[in-house]
Amino acid sequence: LGKLPAHAGALPITEDAGTESIMLDDASVANTLDRYVAASAGDIGNPDWLEIAIGHFKTDNQNPDVYSNWVDQYATGACSHAGGVSGRDQETIGHFQADTATCTGDLNVFTIALGDGIVVSMYEFGPKHLGRKLIESIY
């Protein structure tokens with residue numbers, strides 16, 4: 001989590017050990033990443049919240065095909081409880097080229113590469129757009 005600011009908007013970013021454990025037990029994640037951390041800002045059900053996943057691709061997985069597959073799988077999973085993916089795009093947010101997706105149920109999904117095999121994926125809900133603001137605050 002040291003790669004991120006301590007807050008998204010005014011909400012503190014806190015580690016989510018339960019999600020980390022579930023993800024690290026997933027064979028496809030374990031085959032792709034050698035490190036993974038999950039975090040959140042706010043709680044699902046609040047007017048604004050953000051779920052964050054940070055991973056480090058194994059050396060042999062640091063290529064565009066694996067990254068693209070990660071982007072697609074993360075968006076599909078994030079949108080699976082929000083009516084599915086309704087759109088995909090790429091845009092510049094802050095200093096990063098972000099892969100974006102929207103879900104039918106008003107979630108926004110973002111994935112950015114920080115370099116050195118590190119990927120940050122997140123999905124947000126709410127009018128404060130915490131994910132977008134978090135990406136804008138990363139240097």
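Colleague: How far apart are the mean positions of the 7 positive and 19 negative charges of the chain?

Modeller: They are 5 Å apart. Lys and Arg count as positive, Asp and Glu as negative, while His and the chain ends are not counted; each charge is placed at NZ of Lys, CZ of Arg, CG of Asp or CD of Glu. Mind that this is a predicted model, where local features need pLDDT of at least 70, side-chain atom pairs count only at pLDDT 80 or more, and totals for chains, interfaces and linings use all residues. Numbering starts from 1 along each chain as its sequence is written, and side-chain values use heavy atoms, with hydrogens and water left out.

Colleague: What makes the radius of gyration agree with a compact globule?

Modeller: The rule is 2.2 Å times the number of residues to the power 0.38, taken over C-alpha atoms. For 139 residues that gives a value near 14 Å, and the chain has 14 Å, so the two agree.

Colleague: Why is Gln97 called partly exposed?

Modeller: Buried means under 20% relative accessible area and exposed over 50%, with partly exposed in between (1.4 Å probe, protein chains only). Gln97 has 42%, so partly exposed it is. Across the chain, 43% of the 139 residues count as buried.

Colleague: What does Gln97 touch beyond its neighbours within four places in sequence?

Modeller: With contact meaning heavy atoms within 4.5 Å, the list is Gln90, Glu91, Thr92, Thr111 and Ile112. Thr111 is 14 residues away in sequence, at 8.7 Å C-alpha to C-alpha.
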